[in-house]
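Open the model in your viewer and keep the sequence panel beside it. The tour goes from the whole chain to one residue.

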Amino acid sequence: MDNKPIWIKHAAQLATIAGGTAPRIREGMSDLGLIEDGSVWMEDGKIRAVGTTAELEERYAERAGEAEIVDASGRLVTPGLIDPHTHVVYGGSREKEFEMRLEGATYMEIMNAGGGIHATARMTREATEEELFEQSARRLDSFLAHGVTTVEGKSGYGMDLETELKQLRVAKELNERHPVDLVPTFMGAHAVPLDYKGREEEFVDLLIKEMLPAVAGEGLAVFNDVFCEVGVFTPGQSKRILEAGKEHGLVPKIHADEIEPYGGAELAAEVGAISAEHLLKASDEGIEKMAAAGTIACLLPATALYLREEAARGRAMIDAGVPVAVSTDCNPGSSPTTSMPLVMNLACISMRMTPAEALVAATLNAACAIDMQDKVGSVEEGKQADLVMWDVKNYQELQYLFGVNHVEKVWKKGEQVVG
Ligand code: NIG
Ligand code: FE
């Protein structure tokens with residue numbers, strides 16, 4: 001690491017999102033901790049000082065000559081974005097299914113006919129670890145180019161122990177070798193393998209007795225996620241899998257109420273999940289229970305758009321007191337994008353979140369959804385120096401000029417990695 005400090009000066013707006021590590025709710029989601037003519041001093045991979053340019057000029061008067069100066073005049077500076085829900089490690093691609101869906105087939109029809117998740121599982125099983133690493137590293141490069149410095153990544157394209165471990169080992173290697181931080185989730189319960197059709201309970205037993213202990217034993221995952229959906233895993237099966245994961249120290253997450261209402265939001269609150277994902281069809285009762293339990297809603301408006309579904313009720317969830325995060329859901333079927341800026345735009349356009357709420361949902365609340373809030377998610381002294389300089393003058397413009405990548409420079413752990 002380059003030891004020369006980096007000093008960002010004169011940012012038209014610095015959105016610090018400072019003020020504690022609890023997930024933001026209600027009005028808290030609108031508080032960006034804005035500093036005009038903002039300045040940040042980074043050194044040894046960490047943020048050392050944050051304030052106005054005048055304040056830092058006084059504080060660093062004697063060391064000014066040591067630093068590399070970045071002039072952020074007319075620019076917005078924010079924390080690095082965080083994507084708390086991806087399936088970034090996978091083999092192959094599914095562009096033919098995209099075409100089939102446009103011709104009328106549904107997502108679940110394709111999956112039930114052995115395509116969808118099963119198709120990616122075949123391609124992931126066939127890929128070597130090196131091939132998986134290379135494909136996934138290219139996706140992480142693209143995340144970085146869109147201002148994303150931390151991502152969560154799930155397994156679940158194996159549904160057999162060997163391939164699940166392969167995906168998670170690749171995730172571990174990516175975390176070590178790629179600038180982006182990758183936080184791993186085990187998702188063996190992503191689909192019932194085709195050869196277990198009609199024997200779903202046996203597969204749940206296999207997950208609980210063999211896969212979870214092996215994954216946790218190798219320390220390859222932090223979270224345990226389940227696709228709780230009609231025709232995939234029932235709420236009862238999901239609960240068993242998530243409770244078993246907890247016994248191995250894995251924190252629950254749930255793909256909940258994505259395609260049909262199924263009590264997934266309620267289950268997330270009941271099992272103490274850190275977050276519930278998708279929630280397009282979540283019930284009012286489920287939303288209330290999540291608010292009471294403090295479960296983070298991880299909303300994926302790009303997936304809703306891509307499946308041509310109505311987006312989740314983000315506005316209503318925030319108004320009900322649920323902490324909301326947003327994510328790409330980057331995966332080869334329902335959302336093959338790496339653009340968190342687009343996701344923030346869609347949070348505003350399809351879920352009526354405000355520009356400020358969308359930014360908090362993609363930074364601090366996203367960090368909280370993957371338990372990384374002590375290290376990343378805001379621009380504060382002592383946190384990792386993960387920052388983005390955007391070619392826009394304020395946070396409203398970032399959401400208003402939609403569908404464009406406004407990233408100008410990105411720093412990861414104090415090193416410039418884009419621009
Ligand atoms: O979050 N819904 C289930 N899993 C993914 C899609 C996976 C795939 O289609 O490959 C999702 O949308
Ligand atoms: Fe997903």
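This is a predicted model: local features need pLDDT of at least 70, side-chain atom pairs count only at pLDDT 80 or more; totals for chains, interfaces and linings use all residues.

The chain carries 40 positive and 67 negative side chains. Colour the two sets separately: their centres lie 1 Å apart.

Next, show the whole chain as a cartoon. Its secondary structure amounts to 16 helices and 16 strands. The radius of gyration is 21 Å, close to the 22 Å that the globule rule gives for 419 residues, so the chain is as compact as a globular protein of that length. Draw a box along the principal axes, and the C-alpha atoms fill roughly 70 × 45 × 45 Å.

Of the 419 residues, 59% count as buried.

Then turn to the contacts within the chain. Taking those between residues at least 6 apart in sequence, 73% join residues at least 24 apart.

For the last stop, select residues 117-126, which form helix α4, and pick out T120 within it. Is T120 buried or exposed? T120 has a relative accessible area of 0%, so it is buried, the cut-off being under 20%.

Note on methods:
Residues are numbered from 1 along each chain as its sequence is written. Chains are lettered from A and ligands numbered from 1 in the order in which they are written. Side-chain values use heavy atoms; hydrogens and water are left out. Helices (H or I, at least four residues) and strands (E, at least two) are DSSP runs, numbered from the N terminus. The radius of gyration is taken over C-alpha atoms; the globule rule is 2.2 Å times the number of residues to the power 0.38. Buried means under 20% relative accessible area, exposed over 50%, partly exposed in between (1.4 Å probe, protein chains only). Contact means heavy atoms within 4.5 Å. Lys and Arg count as positive and Asp and Glu as negative; His and the chain ends are not counted. The place of a charge is taken as NZ of Lys, CZ of Arg, CG of Asp or CD of Glu.
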